Amino acid sequence: KYGDIVYLQLNYMDNRWLSGGRDRGNDGVYTENALGTTYERTTAASTYQWIVRSSSGDGTRSFADKQEGSCVHYEDILYLQVNNVNNRWLSGGGYIDEEVYALDVTSTFWEDTPNPKWTVQKWPIHDGTRST
């Protein structure tokens, strides 16, 4: 549902989850073992939490999404906001390279970057096209 906190686990490798808002500048996104060390389980725990959003909102993690509580459906376009720092959304595939980042898309510094929108699709993906 919109407003829920989700954890994104790799499907081909055990003990790997998507972690964002890391590094200097809080733009790093990595796959890490959320249970691997005491640091990851405690201090870094919220870097593994992603808030499902229908828009980027005002950038705060406490923002009340207008769709909060509504179910997410296949073909919905959504935003994933990391839960450890304000103003960071999962973005990628066009900024510097094909990697993903946790970027502040409300900043004018990033105005030429791709919008941090993601489409919910089920497997198998048939032709690689996306919803607009």
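Glutamate 40 is buried, with a relative accessible area of 11%. In this predicted model, glutamate 40 forms a salt bridge with arginine 22. Their closest N and O atoms are 3.0 Å apart. The pair links distant parts of the chain. Glutamate 40 sits in helix α1 (residues 38–41), while arginine 22 belongs to strand β2 (residues 17–22). The structure holds one salt bridge.

What is the order of the elements from the N terminus on? They run β-β-β-α-β-β-β-β-β. That gives one helix and eight strands in the chain.

Now to strand β5, residues 77–82. Is it largely enclosed by the rest of the structure, or open to the outside? Five of its six residues are buried, so β5 is largely enclosed. Strand β5 also pairs with other strands. Four bridges join β5 to strand β4 (residues 50–53), and these two run antiparallel. Arginine 53 has tyrosine 79 of β5 as its bridge partner. Two bridges join β5 to strand β8 (residues 118–119), again with an antiparallel run. Here isoleucine 77 has threonine 119 of β8 as its bridge partner.

Leucine 78 has its place in strand β5. It counts as buried because its relative accessible area is 7%, under the 20% cut-off. Which residues does leucine 78 touch, not counting those up to four places away in sequence? They are Tyr2, Val52, Arg53, Val72, Pro116, Lys117, Trp118 and Val120. Arginine 53 lies 25 residues from leucine 78 along the chain, yet their C-alpha atoms are separated by 5.7 Å.

| Residue | Relative accessible area |
|---|---|
| Leucine 78 | 7% |
| Glutamate 40 | 11% |

Last, the chain as a whole. Buried residues make up 31% of its 132 residues. The accessible surface comes to about 8300 Å². Carbon and sulfur atoms account for 46% of that surface. What share of the contacts between residues at least 6 apart in sequence joins residues at least 24 apart? The share is 53%.

Notes: Residues are numbered from 1 along each chain as its sequence is written. This is a predicted model: local features need pLDDT of at least 70, side-chain atom pairs count only at pLDDT 80 or more; totals for chains, interfaces and linings use all residues. Side-chain values use heavy atoms; hydrogens and water are left out. Buried means under 20% relative accessible area, exposed over 50%, partly exposed in between (1.4 Å probe, protein chains only). Contact means heavy atoms within 4.5 Å. Accessible areas come from the Shrake-Rupley method with a 1.4 Å probe; for residues, only the protein chains shown count as cover. Two strands pair if DSSP finds at least two bridges between them. A salt bridge is a side-chain nitrogen of Lys or Arg within 4 Å of a carboxyl oxygen of Asp or Glu.
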